[in-house]
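Please keep the sequence and the structure in view while reading.

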Amino acid sequence: MDVSEYWIKRLLMTSSLFVLACLRCASCEKKLFCYYSSEAQYRTYPAKFQPSDIDVTLCTHIIFAFAEVKNAKLAPLNWNDQGPTGLYAQVTSLRTKNPELKILLAIGGWVAGYEQFYDVVESEQTISRFADNAITYLRDAGMDGLDVDWEFPGSRGSPGEDKYKFTLLLKTLFRKFRDEAVRTKRDRLLLTAAVAVGIEFIEPAYETTEIHKYVDFMLLMTYNFHGGWDNVTSHHSTVLPSQYDVGEETWLCQNWAVNFWLSQGVPKSKILLGLATYGMSFTLEDDRQNRLKAPVLDFGRGGQYTRQEGILAYFEICENVQRRGWKSYWINDQQAPYATSADQWVAYDDMASIKFKAEQMVNGYDLAGAFIWSVELDDFNGFCGSGKYPLLLALNDVIRRGNRAGLSPSEFQKLPDVVFPSSECAVLGMGLHSDSRNCRWFKLCSPVNGKFRMKTYRCPEGQSYNSTSRICDVSPYCF
């Protein structure tokens with residue numbers, strides 16, 4: 001037994017810190033969550049999208065994106081969200097076509113940032129009041145749950161203490177949802193969290209070994225690993241890094257992200273893999289250099305219908321390839337395509353690459369399922385001739401219907417082991433160390449393949465970590 005194993009076993013015996021549980025999926029069916037962006041109602045034909053356009057046979061859950069948070073209360077984002085013919089009612093009425101369908105309301109998102117959560121997490125009391133308001137709002141809207149998409153605690157203007165307040169927010173919501181269900185004898189409201197997958201956002205944002213305890217599912221945003229903020233072209237959503245990636249660039253892939261969260265104790269039965277129905281686009285520095293890792297000037301130009309810089313919907317990409325002379329290429333080592341024309345370059349997923357990800361990652365790791373951002377960016381009208389919702393159909397085939405047609409066994413491989421090196425542990429050395437940010441926290445640094453890996457743990461309430469005895473001691477001063 002090495003030193004790190006000894007101290008962890010000692011700690012387990014002396015502090016009642018950990019509770020072991022055997023977790024199994026409630027159902028053997030994989031989940032498929034579909035985000036629906038209500039802003040799509042403002043687009044022009046053929047991109048204009050209404051809730052009635054959703055094929056409810058292709059999603060087990062729909063997440064309505066977004067509601068606003070104003071003055072620490074939920075509020076509608078659109079002028080026509082509420083009312084008997086509003087967007088909420090249109091989405092919840094889809095249950096008539098699929099009674100098993102679950103519908104959640106999302107808050108947050110990249111654009112919302114930190115500001116909407118500022119008043120919510122001001123204190124334990126404001127968090128409690130927000131949770132009470134959320135229950136009332138969700139029930140009145142006919143929703144089945146809440147998706148928390150705070151991007152991200154501890155960064156983008158959010159102070160460091162929000163890392164701990166985020167855990168408290170989830171914990172309070174989860175417990176109040178449970179208590180309300182017991183009191184009213186209704187099905188408990190679901191709680192999910194969309195979480196970061198890049199280490200620069202993960203470390204300041206989350207108590208990584210804690211937050212999974214207070215959600216039904218964690219939605220790993222395993223896309224947008226690359227984009228117009230880079231200085232070279234790269235694919236934004238791949239299982240593995242490219243052959244050209246080095247150092248920390250090799251962490252920007254789905255295999256690293258899933259393994260990281262699994263290493264933090266998140267049950268695979270709670271993990272949903274994020275997949276994109278859009279491409280990330282770039283403007284090339286020189287249109288004669290248009291391969292992977294080509295120099296770029298800026299984000300790509302907005303699409304004809306979606307008009308968002310740096311992003312093209314799948315239906316825009318397939319139209320560009322089929323009718324506008326764009327050339328499509330395949331990245332062999334990443335099993336994913338990109339397309340280019342003149343100074344424009346876009347990485348995306350097609351039916352083959354999304355099947356590969358579904359089989360390799362969702363089925364290969366036996367995750368709970370997957371989610372897409374978003375349903376209205378797929379070719380929902382069959383505009384490109386492959387039928388309606390080609391990406392969503394391909395995903396369903398692999399994870400829900402067991403149809404692996406078109407998948408070649410030679411494409412798949414045993415994925416490499418992932419190590420999460422810690423520069424902080426390189427300074428601290430092997431063993432247990434206190435965490436200066438919180439008296440209840442401590443860190444374990446252990447050697448792996450010549451590098452150090454760090455995991456953070458937390459003592460029970462009312463105890464603090466004693467760096468001398470290396471156990472969790474009772475403390476009236478540590479909360």
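The model shown is predicted. Is threonine 283 buried or exposed? Its relative accessible area is 9%, and because the limit for a buried residue is under 20%, threonine 283 counts as buried.

The surroundings of threonine 283 can be described in some detail. When residues up to four places away in sequence are not counted, threonine 283 touches Val296, Leu297, Asp298, Phe299, Gly300 and Arg301, and also Asp343 and Gln344. With phenylalanine 299 there is a polar approach as well: a polar atom of the threonine 283 side chain lies 2.8 Å from the backbone oxygen of phenylalanine 299.

Beyond the neighbours within four places in sequence, the contacts of glutamine 90 are with Gln50, Pro51 and Thr85. Glutamine 50 and glutamine 90 are separated by 40 residues in sequence, while their C-alpha atoms are 8.6 Å apart in space.

The interior comes next. In soluble globular proteins, nonpolar side chains tend to be buried together. Here the largest nonpolar core comprises 130 residues, and Leu173, Tyr206 and Trp261 have the most contacts inside it. The element that gives the most to this core is helix α4, residues 124–141, with eight residues. Another core lies apart from it and consists of nine residues, including Phe282, Ile331, Trp345 and Ala347.

Which residues are in contact with tyrosine 206, leaving aside its neighbours within four places in sequence? They are Trp150, Phe152, Pro153, Lys163, Phe166, Ala194, Val195, Ala196, Ile211 and Trp261.

The view can now be widened to the whole protein. Its 479 residues include 59% that count as buried, and its secondary structure consists of 11 helices and 20 strands. Among contacts with a separation of 6 or more, 71% are between residues 24 or more positions apart. The protein exposes about 21000 Å², of which carbon and sulfur atoms supply 51%.

Note on methods. Residues numbered from 1 in each chain as written. Predicted model: local features only at pLDDT ≥ 70, side-chain atom pairs only at ≥ 80, totals over all residues. Heavy atoms only, no water. Core = buried A, V, L, I, M, F, W, Y, C linked by side-chain atoms within 4.5 Å. Buried < 20%, exposed > 50% of the residue type's maximum accessible area, 1.4 Å probe, protein only. Helix = DSSP H or I, 4+ residues; strand = E, 2+ residues; numbered from the N terminus. Contact = heavy atoms within 4.5 Å. Polar contact = N/O pair within 3.5 Å; in protein donor to acceptor, adjacent residues only side chain to side chain. Areas by Shrake-Rupley, 256 points an atom, 1.4 Å probe, with all protein chains shown as cover.
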